[in-house]
Structures are given as structure tokens and as C-alpha cells.
Amino acid sequence: MAFVETKKLTKKFGGLTAVNNVDFKIEKGQITAIIGPNGAGKSTFFNLISGFYPPTSGTVIFDGQDITKVPSYNIAKLGMARTFQTTNLFETSTVLDNVIVGYRLRTKSRLFDAVFRTPREKREEKEALEKAIEVLDFVGLTHLANRQVALISQEAKKRVAFALALATEPKIVFLDEPAAGINPEETDGLAELMNKMKDNGITVCTIEHKMAMIMSIADKIMVLNQGMKIAEGTPEEIQNDPVVIEAYLGGESVAEVN
Ligand SMILES: Nc1ncnc2c1ncn2[C@@H]1O[C@H](COP(=O)(O)OP(=O)(O)OP(=O)(O)O)[C@@H](O)[C@H]1O
């Protein structure tokens, strides 16, 4: 059984069909990539799976459960996490505080606990700190934990976004263009981090425009074009698929595009 499965997933915005009848499977423990030209429907597909948009029609199954109508905050509790293209970090706070706040937003203390500093509140505060330290170590940012976010590099900000997603201990992480706006060397670093997540049993699904990176790390790729799945397969199969080369790359060889 696939870890995530979409069946005839469709999203219409007025007259525009952003995602059109997409059947797709994400296997547990793999890195799956979704590629396609601008406006192909990649982000919308993510938003449908993670419950940010209700689909117009179709089904999403996660870990054997139909989550089509489950709202995003409950989907997160089931073990799905995601990053966004533009991550909203608190620029004037430290890296550590950003991760702690991100984690606390998802934990359970109520206002009563916070105001009266109940044992539960104190316990959760301690847990948040421990978790933040752990995930910052995982993403390689321990040395920047006390640095203000405004002062760290673009690549480090991407790593903070990964840390925020990982703090919730997800089974699967959806990454929306993690390598956008960073140089090739930094891109290699993020690819390494994605492999590390996979090695630690986290299923990864990513949208990415950087072909060389995707071809080197993905187990499986789906190509969307104008809302429709036009191909899926291993990187090798995708690179040699004439439909993909024509529709997506305009006849260029995939390997040459970065
Ligand atoms: N909330 C929305 N309301 C109306 N139209 C939308 C909305 N979100 C996306 N669209 C449209 O749906 C289509 C698919 O957009 P989407 O952002 O999913 O594509 P994408 O493949 O992620 O593109 P990019 O690579 O540029 O991020 C586009 O034509 C877009 O304009």
C-alpha cells in the first residue's frame, strides 16, 4: 500500500483547472519529486494533499486513512509537515527562538496553562527547547542557534524551515522548492540534508526546479503540465521520456538544465 495516494485529484479555481484528475502514489521511505513548468499545479497539488485547499473532486489517502476532508491542522497531527516557498521567519528573533515558537504553536498548552505557569506548561516549554536543540543539530545549525535570523544566509534560512517542519516529528515532509534562490554548493548541502532525512526514515516529497539536484536524489518523479500528470518514473525514465522532453524542456536534454 502506498504511503500517500491521490485518486483523480482535481482542483478548479473558477474556470481554471489547476490540478486535473491526478492519480499518484508516494512510497514510504522514498524521496519523491514533483516537477513541471511554472503554473503546472505543483503547489496546488501540495496544498490539496496537506489540507490547505479542499479538492473540487477526488481523494487523498494517507497511511491508509482517507484525509480528503480533514483540515490541515489535523493532518499535521497525523504526521505530515510542510514548508512553504516563502517561509515566514521572525527576522529579529534568534534561530533557536524561531524553532521553539514554531514548535509551541503546534503543542497543546492553553492560555490557562501559560498564564498560571502550570506544570504542563513548564513541561512543554522544556520539551520545546529540547526538541529545538535536537532538530537544529539535525539540520546542521547548532552553531547559529543564537544568531538573529536577519543575519544568517539564505541557505541557513532554508535549513531553519526544514527544522521547523522536523520539530513536529513528521512521518512525511513536503518541501516546496527548498533550493530556490541558493547557489549550487548550497544546493548540494540541502540535497545531502534531504538524503539524511530519508536515511532517518522520513519520507520526503519535494517540488523543485533544479533538475540536476532532483535527478541525483529522487527515487521517483512525477511531471505535471497544465494540471495533468504527463509522466512518472525514475529519474532515468523521466530524462528519457520524449513527452517530458517536449512538454517541459522544449526539446532540451534534462541533464543540461539546472
Ligand atoms: N488560490 C488560487 N486562486 C486562483 N488561481 C490559483 C490559485 N492558486 C493557484 N492558482 C492558479 O493555478 C495554476 C497552478 O498554480 P500553482 O501555483 O499550483 O503552480 P506551480 O506549478 O506551483 O507553479 P510555480 O512553479 O510557478 O510555483 C496557476 O495557473 C495559478 O495561477
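The points below comment on a predicted model, taking its domains, sheets, ligand shell and a few individual residues in turn.

1. Basis of the model. Residues are numbered from 1 along each chain as its sequence is written. Because the model is predicted, local features need pLDDT of at least 70 and side-chain atom pairs count only at pLDDT 80 or more, whereas totals for chains, interfaces and linings use all residues.

2. The protein chain falls into domain 1 (1-79 + 170-253) and domain 2 (88-168), with bounds that come from an automatic or database domain assignment. Between the C-alpha centres of domain 1 and domain 2 there are 27 Å. To the contact, domain 1 gives 10 residues and domain 2 gives 9 residues, where two residues are in contact if their C-beta atoms, placed from the backbone, lie within 7 Å. On the side of domain 1 that touches domain 2, helix α7 (residues 184-199) provides the largest share, 4 residues; helices (H or I, at least four residues) and strands (E, at least two) are DSSP runs, numbered from the N terminus. That side of domain 1 divides into 7 nonpolar, 2 polar and 1 charged residues, given that Ala, Val, Leu, Ile, Met, Phe, Trp, Tyr, Cys and Pro count as nonpolar, Asp, Glu, Lys and Arg as charged, and the others, Gly among them, as polar.

3. Strand β1 (residues 4-13) is joined to β2 by 7 bridges in an antiparallel arrangement, and Leu9 stands opposite Val22 in β2.

4. In strand β9 (residues 220-225), 6 of the 6 residues are buried, so the strand is largely enclosed by the rest of the structure; a residue is buried if 20 or more other C-beta atoms lie within 10 Å of its own, exposed if 12 or fewer, and partly exposed in between, with C-beta atoms placed from the backbone. Lys220, Met222 and Leu224 point one way from β9, while Ile221, Val223 and Asn225 point the other way, and all are buried. Running parallel to β9, β3 is joined to it by 4 bridges, and the bridge partner of Ala33 in β9 is Ile221. Strand β10 (residues 228-233) runs antiparallel to β9 and is joined to it by 5 bridges, with Met222 opposite Glu232 in β10. The hairpin formed by β9 and β10 has 2 residues between the strands, and Gln226 in the turn has a positive phi of about 50°.

5. Gln30. This residue lies in the loop between β2 (16-26) and β3 (31-35). Gln30 is partly exposed because it has 15 other C-beta atoms within 10 Å. Leaving aside neighbours within four places in sequence, Gln30 is in contact with Thr203, Asp219 and Lys220.

6. The ligand shell. Around the ligand are Phe13, Leu16, Ala18, Gly36, Asn38, Gly39, Ala40, Gly41, Lys42, Ser43 and Thr44, a residue being near a molecule or strand if its C-beta atom, placed from the backbone, lies within 6 Å of it. β2 and α1 (42-49) each supply at least two residues of this shell, and the largest share, 3 residues, comes from α1. By class, the shell has 4 nonpolar, 6 polar and 1 charged residues.

7. Helix α6. The 13 residues of helix α6 (residues 154-166) should span 18 Å at 1.5 Å a residue, and the end C-alpha atoms are 19 Å apart, which agrees; the expected span is 1.5 Å times one less than the number of residues. α6 is mostly covered, with 10 of its 13 residues buried. These buried residues pack against β6 (80-82), α3 (95-104), α5 (119-138), β7 (172-176) and α7.

8. Most residues other than glycine have a negative phi. Asn21, in strand β2, has a positive phi of about 60° although it is not a glycine, and Asn21 counts as partly exposed because it has 15 C-beta neighbours inside 10 Å. Glu169, in the loop between α6 and β7, likewise is not a glycine and has a positive phi of about 55°; with 12 C-beta neighbours inside 10 Å, Glu169 counts as exposed.

Definitions and conventions:
Pairing = 2+ DSSP bridges.
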